[in-house]
There are 2 protein chains.
Amino acid sequence: MDKIKIFAPATVANVSCAFDILGFALESVGDEMIISKLAEKKITISLEEGSNLPLAPEKNVAGVVAQAMLDKANANFGIHIHIDKRIKPGSGIGSSAASSAGTAYALNKLLGNIFTDTELIEFAMLGEALASGIPHADNVAPAILGGFALARSTHPLDVIKIPAPQELYCTVIHPQIEVKTENSRKILKKNILLKNAVSQWGNIAGLIAGLYRNDYDLIGRSLDDKIVEPVRSILIPLFSELKQAFLKAGALGGGISGSGPSVFALSKGKNRAQKVADAMNDVYAKTGVDYDIHLSKINEQGVIELK
Amino acid sequence: MDKIKIFAPATVANVSCAFDILGFALESVGDEMIISKLAEKKITISLEEGSNLPLAPEKNVAGVVAQAMLDKANANFGIHIHIDKRIKPGSGIGSSAASSAGTAYALNKLLGNIFTDTELIEFAMLGEALASGIPHADNVAPAILGGFALARSTHPLDVIKIPAPQELYCTVIHPQIEVKTENSRKILKKNILLKNAVSQWGNIAGLIAGLYRNDYDLIGRSLDDKIVEPVRSILIPLFSELKQAFLKAGALGGGISGSGPSVFALSKGKNRAQKVADAMNDVYAKTGVDYDIHLSKINEQGVIELK
C-alpha cells in the first residue's frame with residue numbers, strides 16, 4: 001500500500017462531569033486526509049484550499065506524529081500528507097486530535113499495521129502536546145477507537161473503549177470566537193471541595209453505568225458538572241441560555257466541548273437532536289456571532305479508510 | 001404472613017477510589033433477624049445472647065426503621081424484632097446497615113410488599129442516620145439490592161445496581177480496635193487538589209467499566225485511592241503492611257472498608273482470596289490485636305428470606 005485516504009472524526013472531550021478523562025467521536029464531522037509514500041525520507045504537507053495551518057512538519061501536528069512513527073519504525077521512505085481540514089481549528093471539537101489520530105491510523109496502514117491502538121494513541125498524543133502543550137488522550141483516544149473512550153490514566157496510558165447506546169446523538173454549536181485551551185486551563189481552581197468532588201464522582205460512575213446499561217435517563221441525570229463548567233462557561237457567550245434551551249428542547253444533558261467554545265448536548269434519537277439544534281440556533285441567531293451547528297450520531301468506528 | 005426470618009448481609013462501602021458512592025454486599029457474613037407481628041401497636045426488640053445493643057426502639061436502628069415504616073403504612077399492628085447480631089458493631093462492614101436493611105426488607109414483606117426498593121433504602125437510611133449522624137446509602141443500598149450499588153446522588157436518592165463479575169471474592173480483616181465513623185470523617189480534608197480528583201474520577205470510571213466488562217485487571221488497576229486512604233489509613237494499625245501483603249498475595253486491590261477499622265481486598269477466584277486471607281493473617285498474627293478474617297463471594301441477592 002502506497003497511498004491511503006481516511007476520514008478522521010471530530011471528538012467531544014471533557015464530557016460534563018468527566019473532565020479530562022472521557023471523550024467521544026462524531027460521525028458526520030471530521031477531516032479527510034490522503035497520505036502517500038515518498039521515495040525520499042522526508043515529510044511534506046499540503047492543504048486543501050481555504051485552510052491555514054503550518055506546512056513545516058515540525059510545526060504541524062500531523063507532521064510531528066508522522067515523524068515520530070517513521071523514526072520508531074525506522075522506515076526507509078517518506079510521506080506526503082494532504083489535509084482537507086473540515087474541523088475548524090480552535091473549535092473545541094478535536095481539530096488537532098483529528099489530524100493527529102488520522103495521521104497515526106493512516107501511516108500505520110502504510111507501515112503494515114505494526115503498532116497497537118494504544119501505541120497509535122500515544123503517537124497521536126504527541127500532536128496534542130504540540131497543539132496545546134499537554135499530551136492529553138481524551139480526544140485522540142475516541143478519534144482512534146470510536147465510541148466513548150475513557151482515559152483512566154495518562155502515565156502510564158490506560159484507555160478503555162466504552163460502548164455508546166445505539167440511539168445516542170450529539171448536537172454541537174461552535175460559536176466562532178477564540179478560546180485558547182491554555183487560558184481555559186489557567187482559570188481553573190487548583191483546589192476543589194471534597195464534597196463537590198464526591199458529587200462529581202457519583203455522576204461519573206452514573207455516566208459510565210448509563211452507557212453500559214443503555215439507560216438514557218441515567219446518562220442525562222449524570223451529565224452534571226459542578227466543578228469545571230461553572231468556571232469555564234464564563235468564557236462562552238450565552239452559555240447558560242444555550243443550556244437552558246437545549247434542556248428545554250429535551251436533550252439528556254450536555255456542557256462545554258473540550259475547553260470550548262463549542263457546546264454539546266446529547267439526545268436520544270435524531271429527531272430530538274434536531275429539535276436541540278433548532279433551539280441552539282434560536283439562541284445564537286439573535287447575536288452577531290458567527291456559528292456552526294453540527295448534528296451527529298456517536299461514531300463507533302473512529303478513523304476509517306475511505307475507498 | 002405474620003413472621004419472617006431473614007439474612008441481612010455485611011457490606012463494604014467506600015470501595016477505594018469510590019468514597020461515599022459505592023458499596024457491595026458479602027455472602028457469607030451477615031445478621032439473622034426474625035420479625036413477627038404483634039397485635040398491639042408497639043415495637044419490642046430482643047437480642048440473641050452475647051450481643052449488646054440498645055433495646056429501646058428509638059435508640060436501636062432496627063426500631064427506628066420499623067417505626068418509620070409502620071407510621072408511613074399506617075399499620076394497625078406492632079412488631080417484635082429478634083436480632084442475631086453476627087456482624088460486630090463498629091467493624092466497618094455495615095453492622096448498622098445490616099440491621100436497618102434487614103428490618104426494611106422483612107417488615108415490607110409483613111406489610112404486603114407495599115414499598116419499592118428505593119423506598120426501602122430510604123427507610124434503612126434512617127437507621128444509618130441514627131448510627132452515624134449521616135443518612136448515607138452506600139451500605140444499605142447494596143445490603144438491599146445485592147451486588148455493587150452505586151449511590152449516584154443522596155438528595156434526591158438515585159441508586160443503581162452494578163453487576164459483579166462471577167469470580168469476584170472479597171477478603172476482609174477486622175482488627176478489633178475502635179474507629180468511630182465520626183472521627184474518621186473529621187480527619188478528612190475539606191479541600192482536595194483538582195489533579196488528584198481527576199485521577200480519582202479516572203479510577204472510578206475504570207472501576208465501573210471493569211465491573212461491567214468483567215475485566216478483573218481493570219478493576220484492580222482502578223482500586224487506587226489518592227485522597228481518602230492516605231488520610232484515614234493512619235487510624236488502622238499496620239495498614240500499609242496489610243496492603244503490601246494482600247497485593248503480594250495476588251489480590252486485585254483493596255482498601256479501607258467503610259470508615260475502618262476493617263480492611264478489604266478483592267480477588268479473582270476463591271483460592272486467591274484464601275491466599276489473601278492467609279497473608280492478612282500473617283501480618284496480624286504477630287500483633288497483640290484481636291481480629292477476624294472473613295472470606296466471601298460478592299452477594300448478588302442482598303437481604304434474603306430464610307425458610
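Visitor: Which residue takes a positive phi in the hairpin of β9(A) and β10(A)?

Guide: Happy to start there, and please keep in mind that this is a predicted model. Strands β9 (residues 253–256) and β10 (residues 263–268) of chain A run antiparallel and are joined by four bridges, with A:I256 standing opposite A:V263. Six residues lie between the strands, and the one with a positive phi near 60° is A:G258.

Visitor: In β8(B), what is the bridge partner of A:I192?

Guide: Here we look across two chains. Strand β8 (residues 191–193) of chain A and β8(B) run antiparallel, with three bridges between them. In that pairing, A:I192 has as its partner B:I192.

Visitor: Which element gives the most to the side of chain B that touches chain A?

Guide: Chains A and B each bring 34 residues to their contact. On the chain B side, the elements giving two or more residues include β2 (18–38), β8 (191–193) and α6 (194–213). That side divides into 21 nonpolar, seven polar and six charged residues. With 13 residues, the top contributor is α6(B).

Visitor: And within chain A, which element gives the most to the side of domain 1 that touches domain 2?

Guide: Chain A is divided into domain 1 (3–163) and domain 2 (168–297), whose C-alpha centres lie 24 Å apart. Their contact takes 23 residues from domain 1 and 33 residues from domain 2. On the domain 1 side, β1 (3–15) and β2 (18–38) of chain A each supply at least two residues. Giving the most, with six residues, is β2(A).

Note on methods:
Residues are numbered from 1 along each chain as its sequence is written. Chains are lettered from A and ligands numbered from 1 in the order in which they are written. This is a predicted model: local features need pLDDT of at least 70, side-chain atom pairs count only at pLDDT 80 or more; totals for chains, interfaces and linings use all residues. Two strands pair if DSSP finds at least two bridges between them. Two residues are in contact if their C-beta atoms, placed from the backbone, lie within 7 Å. Ala, Val, Leu, Ile, Met, Phe, Trp, Tyr, Cys and Pro count as nonpolar, Asp, Glu, Lys and Arg as charged, and the others, Gly among them, as polar. Domain bounds come from an automatic or database domain assignment.
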